[in-house]
Amino acid sequence: MKWIAAFLVSLALGGCASAPAVSDDAVAALMRREQIQGLALAVIEDGKVVKLASYGKRNVERNLPLETGTIMYGASLTKSAFAYMVLQLVDEGRLDLDTPVTRLLPKPLPEYRNQRTDYAPLAGDERWRKLTPRILLTHSGGFANFSWLEPDEKIRIHFDPGSRYAYSGEGIYLLQYILEEGLGLDVAQEMQRRIFDRFGMANTSMRWRPDFAANLADGYTIDGKMEPHDERSKVSAAGSMDTTIADQARFWAAVQRGEGLSARMRAELVRPQLPIRSRSQFPTLVPEAGAPHEGIAAGLGLVSFQDRSGLGWFKGGHNDSTGNMVVCLEARRRCVVLLANDVRAERIFPELVRMVLGENDMPWRWEYGDKTPQR
């Protein structure tokens, strides 16, 4: 039976603490209500995985079930795994979060161009000199989400770096490039060794692997259209990770324990670094509202918020056919991890998170804007 398999897997992943307050029947009912094709869930308590389950289909057209070992798109959860790797480099003294890019690259940034970004347009804007790893990890570099979203598809800085939050995959691209060009690191290899291998994430990779094809989730859009899973060959710290719910459970349990980081860096990961004043996360460059929104702030590769229980933090991942979310409450020592190959699953995330964490102050309206479920 499905619940027995999930229970045995949870034991193998790290033992069983008190039972999480979420039932398979309740999850299935919510999925039926919103016509969600596939969803996977993990609950972490005190650094241990206490529930691991999958529901629905990885491909409806072929009637293939979604399993806890099914390969799913990690989307922007990749950013948090990348940030964790970066903080390991900081622990080792190979990188400083506040060193400006002028000292991290052999040449001025505007002299570089690569397959993703031509930095030459920054030559007339000296603000690029203020960019640091901390600024890039807190999404305060001043960039659009991606340079190709600019009217002329050229990179530009929209505000003084470090002065405000504006979500930017472009900033994560730049930090990846700094590690590769400035430190001479292979980011894919570093992620494999420091994160995926270290935490037993055997079915996670920064680029497509042929063996993933045997158990792969295709995606479903808001109107139910199937989108085939991308075979991503380019390594992107902003979002190329393929993974499984079992592997994500292992990773986030390690994050909760602080495994692989010093206590100082683990605290820095989730510390509120920069107050967020925008009314919602997207669009990214709209004027700020003025006052901090719902007590939320940028951490490093994630977002922190003030929960009634104390510090909370979260990270989402999204595209037209993917909805992912991780929410953790520090004082309650509990996290919920949600991966969905159907973007409609985001409609039920608030209810699922409440089932697992109890009443909480996760800022759903900021995260999803006008799409926030009203139930």
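The following dialogue reads a few features of a predicted model.

Biologist: What should I know before reading the numbers?

Modeller: This is a predicted model, in which local features need pLDDT of at least 70 and side-chain atom pairs count only at pLDDT 80 or more, while totals for chains, interfaces and linings use all residues. Residues are numbered from 1 along each chain as its sequence is written, and side-chain values use heavy atoms, with hydrogens and water left out.

Biologist: Which strands form the open sheet, and in what order?

Modeller: Strands (E, at least two residues) and helices (H or I, at least four) are DSSP runs, numbered from the N terminus. Two strands pair if DSSP finds at least two bridges between them. Here nine strands are ordered S3-S2-S1-S13-S12-S11-S10-S9-S8, with antiparallel pairing. Strand S3 (64–65) and strand S8 (274–275) are at the edges with a single partner strand each, so one side of each lacks a neighbour in the sheet. S8 is joined to strand S9 (residues 297–298) by two bridges, antiparallel, and Leu274 has Ala298 in S9 as its bridge partner.

Biologist: Is strand S12 buried or exposed?

Modeller: Buried means under 20% relative accessible area, exposed over 50%, and partly exposed in between, using a 1.4 Å probe and protein chains only. In S12 (residues 322–329), eight of the eight residues are buried, so the strand is largely enclosed by the rest of the structure.

Biologist: Which way do the side chains of S12 point?

Modeller: In a regular strand, side chains alternate between the two faces of the sheet. In S12, Thr322, Asn324, Val326 and Cys328 point one way, Gly323, Met325, Val327 and Leu329 the other, and all are buried.

Biologist: How many bridges join S12 to strand S13?

Modeller: Seven bridges join S12 to S13 (residues 334–340), and the two run antiparallel. Met325 is opposite Leu338 in S13. The two strands form a hairpin with four residues between them, and Arg333 in the turn has a positive phi of about 55°. On the other pairing, strand S11 (residues 310–319) and S12 are antiparallel over eight bridges, with a hairpin of two residues joining them. Gly312 has Leu329 in S12 as its bridge partner.

Biologist: What packs on the sheet?

Modeller: Contact means heavy atoms within 4.5 Å. Axes are lines fitted to C-alpha atoms, for helices over the stretch in contact, and angles run from 0 to 180 degrees between N-to-C directions. Helix H8 (residues 245–257) touches strand S1 (38–45), strand S2 (48–59), S11, S12 and S13, and its direction makes about 25° with that of S1. Helix H10 (residues 349–357) lies across S1, S12 and S13, at about 150° to S13.

Biologist: Which residues have the most contacts inside the largest nonpolar core?

Modeller: A nonpolar core is a set of buried Ala, Val, Leu, Ile, Met, Phe, Trp, Tyr and Cys residues joined through side-chain atoms within 4.5 Å. The largest has 76 residues, and Phe82, Leu131, Leu179, Met191, Ile195 and Phe251 have the most contacts inside it. Helix H3 (residues 77–91) gives the largest share of this core, ten residues. Another core, of 37 residues, lies apart from it and includes Leu30, Tyr55, Tyr167 and Tyr368.

Biologist: Where do H3 and helix H6 meet?

Modeller: Lys79, Phe82, Met85, Val86 and Leu89 in H3 meet Gly169, Ile172, Leu175, Gln176 and Leu179 in H6. The axes of H3 and H6 (residues 169–182) come within 12 Å and cross at roughly 35°.
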